[in-house]
Amino acid sequence: MDSAAKDEMQPALSPGPEWPEQERAEQLARGAALKWASGIFYRPERLARLGQYRSREVQRTCSLESRLKSVVQSYLEGVQTGVWQLARAIEVVQGTREALSQARGLLQGMSQALQTLEPLRERVAQHKQLQALSHLLPRLRAVPAAVSHTQTLIDGQQFLEAYVSLRELEQLREDTWAPLGGLELPVFQGLDLLFEALGQAVEAAAGAAGKLAREDPALLVAAVRVAEVETGRTTPLGQVPRDWRQRCLRALQEGLERAHFGSPLLPAPGALPGWLEALRVALPVELATAEALVAPCCPPQYNVVQLWAHTLHSGLRRSLQNLLAGPELEAADAFTLLHWALHVYLGQEMMGSLELGPEADVSQLEPLLTLENIEQLEATFVANIQASVSQWLQNALDGEVAEWGREQGPNTDPSGSYYSPMPAIVLQILEENIRVASLVSESLQQRVHGMALSELGIFLRSFSDALIRFSRDHFRGKSMAPHYVPYLLAALNHKSALSSSVSVLQLDGAPSGALAPVEAALDELQRRIYRLVLETLQAELQPLFADLPSRQWLSSPELLESVCERTGRFCRDFWRVRNPTVQLLLAEAERAVVLQYLSALMQGRLVCRGADERTQAAERLRHDAAQLQQLFLSLGLEENAHCAPVLLALRELLNLRDPALLGLEVAGLRQQFPDVRCGLGAKREEKPEGGEDGADAPPWCPCSEDHVSALLGLRGDLSREQHLAALSSLQAALPPSPRASRRVLFSLVPAPALAPASCLPSGSCARALLLAE
């Protein structure tokens, strides 16, 4: 190519737009040049070298221009070469397009030729299949007979022979499958069903493993070997693997559960103990059979003994869950199930048997009953037992109450004390239930113990209420009891028997205050019986105390002798009450007599007319105190428990001849009996505001709510000032001694509460007011 042609092929370079960077570069270059020139020619001595500088710059400029020309020339030559190569490439592409068009035409012609050869190809394939069938035809003709023979072997439980025949048939099917191009002959269509029939037969044999191990172990071994061989065989492509080992294991489990827990019917009420006893006998036998007979017939990886133990446990657990989900069990069934599951099942008779090898691994078994199941059974048992215990206790109480109205008195024991078997029956019922519950678990024992204490408290309240009804009916005349008081005394013995024996209900390790509510109920029952007995005594003595004190009382001891005689007759059966209750009862009876005596004294029915009558009254008090002491000493009351000495203290108030010394006697009485009330203190506390000395207060009546004033009123010789002085001495008296008797006496005696107007006509108040005027 000549230079002219090259010049023609070179494109014309049009000047492009000016670049801002180029302009900036030029400005920087000029600035740098000026700076350099100013630096060079700043000094005059350097002007001589101006020519040298000029020539050097000229040379540099020429060098730069030549380099620029060379670069531009090289660029233009590269562009020219590229344009030429592009032209050559276009020519080659056009040639290739033409060649491809020719090849496409050839391929279309070949496709038409292939379509004409397709029938020939099909004929060739058919020829190959016919050739293969011709070789396999003798074997294929024997397939129906082999299938029938295999079915006969399966029906005859000849598992190994049947499996070998099936494998041969399957191998023949595989040999025909490849030559036929994946086409399965109709003669092999029932082969899968035959395999399934063999699998079901093997599964059935595994399900009856326990029976076969005893009767025909060879059949069980054959079934297991077939399952193992089939599980370990590599299946052809496209065929689902047959995991007959899992089918055998599942059949073993289902056969066990069906044999022992297959019945959908749950044990009827009352039949649960028999069902559990049958399981207690059958399950260990089943485990022993598995260990001795079934395990040698199976591979080690089957873990037959462990499988047997876990399968039986799971089936039993599921059956119990279904049982608990049904109707609520009775108390006996709930107790039997709890005891069996917590003690018998895990004991040496069953899963904890020493003969059971370590292969069973019973330590990994989950609990037979869940915590919710145990809670449900315990609640059911306690609820049912509570109803039964309540009924038993009510029957015992009803039997006791029925005896209260009979003509015969209470029964006695050899010592002569009143006796009834009711306390022993009550405690035996409760103790027996607690003991039976302890055979199951500590939690059930605690539940039953709490129930027993609750029912005992209810029983004691019912017993107390029955006594109240018995007393009310007796006094109202609805049903007069011939032996009313003896049966009350017998009830005291019942309480004593319960108190002395209730400790048998105390559990080991239980808090010491667990029996406190029961003990409180027993104390309340005792107080109620005391009250009923004393109310009867008071009712008998009240008419006798109506004439005390009186002129007749001053002159004759007959009134108190009648009181002592009737009291002695009333208390003659107290000795049939056991100690220490009899001492408490006698003390209460003696205090009741003394309280009625004090109450009669304070009614103001007698005022002494002179010193002789005061001496006579003081002597009567001394004699009555001795007589009462002698009475209760003869009844057996200990001397330190007597209240009658209070009459001797009152005797000193009457026997004192110098009224100025009454303050000392009143203070001494307060020292001995701190509960005695003095009206002076009460009036001073209630005195209205009106003056420092109470000048504006109403006249004070010494009889208002005042024991001391009522007692001093018996003297009949005290002026108002002397009365006030005796009472005022209590202000300066020492507080009661800690050793003073703390028995309640005066606080139980109703002090007279008469209005001032009613005191004026007669009595000590009137005399005191008149003397003051």
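Predicted model: local features only at pLDDT ≥ 70, side-chain atom pairs only at ≥ 80, totals over all residues.

Trainee: What share of the 773 residues is buried?

Mentor: Burial is judged by relative accessible area, with under 20% as the cut-off. In this protein chain, buried residues account for 40% of the 773. The chain exposes about 43,300 Å², of which carbon and sulfur atoms supply 55%.

Trainee: Which residues of α8 are buried, and what covers them?

Mentor: The buried residues of α8 include Leu-219, Leu-220, Val-224 and Val-226, and also Glu-228 and Glu-230. Their cover includes the helices α5 (159–177), α6 (191–207), α7 (209–215), α9 (244–261) and α10 (272–294).

Trainee: How many salt bridges are there, and what distance defines one?

Mentor: The criterion is a side-chain nitrogen of Lys or Arg within 4 Å of a carboxyl oxygen of Asp or Glu. The structure holds 22 such salt bridges. One of them joins Glu-57 and Arg-60, with the closest N and O atoms 3.5 Å apart.

Trainee: Why can two residues at such a spacing in a helix meet?

Mentor: An α-helix has 3.6 residues a turn, so residues three or four places apart point the same way. Glu-57 and Arg-60 are three residues apart in helix α3 (residues 50–141), and therefore about one helical turn separates them. Glu-57 is partly exposed at 27% relative accessibility, and Arg-60 is partly exposed at 46%.

Trainee: Where else does this spacing occur, in the case of Glu-432 and Arg-435?

Mentor: That pair lies in helix α14 (residues 422–438), three residues apart and thus separated by about one helical turn. The side chains of Glu-432 and Arg-435 form a salt bridge with an N to O distance of 2.5 Å. Glu-432 has a relative accessible area of 36% and is partly exposed; Arg-435, at 42%, is also partly exposed.

Trainee: What does the salt bridge between Arg-447 and Glu-378 look like?

Mentor: The N to O distance between their side chains is 3.1 Å. This pair links distant parts of the chain, with Arg-447 in helix α15 (residues 442–476) and Glu-378 in helix α13 (residues 371–404), 69 residues apart. Arg-447 is partly exposed at 27% relative accessibility, whereas Glu-378 is buried at 3%.

Trainee: Which residues does Arg-247 join in a network of salt bridges?

Mentor: Arg-247 is linked with Glu-196 and Glu-203 in such a network.

Trainee: How many disulfides are there?

Mentor: A disulfide is a covalent bond between the sulfur atoms of two cysteines. The count for this structure is zero.

Trainee: Are Cys-248 and Cys-564 buried or exposed?

Mentor: Cys-248 is buried at 3% relative accessibility, and Cys-564 is buried with a relative accessible area of 9%.

Definitions and conventions:
Residues numbered from 1 in each chain as written. Heavy atoms only, no water. Helix = DSSP H or I, 4+ residues; strand = E, 2+ residues; numbered from the N terminus. Buried < 20%, exposed > 50% of the residue type's maximum accessible area, 1.4 Å probe, protein only. Contact = heavy atoms within 4.5 Å. Disulfide = S-S within 2.5 Å. Areas by Shrake-Rupley, 256 points an atom, 1.4 Å probe, with all protein chains shown as cover.
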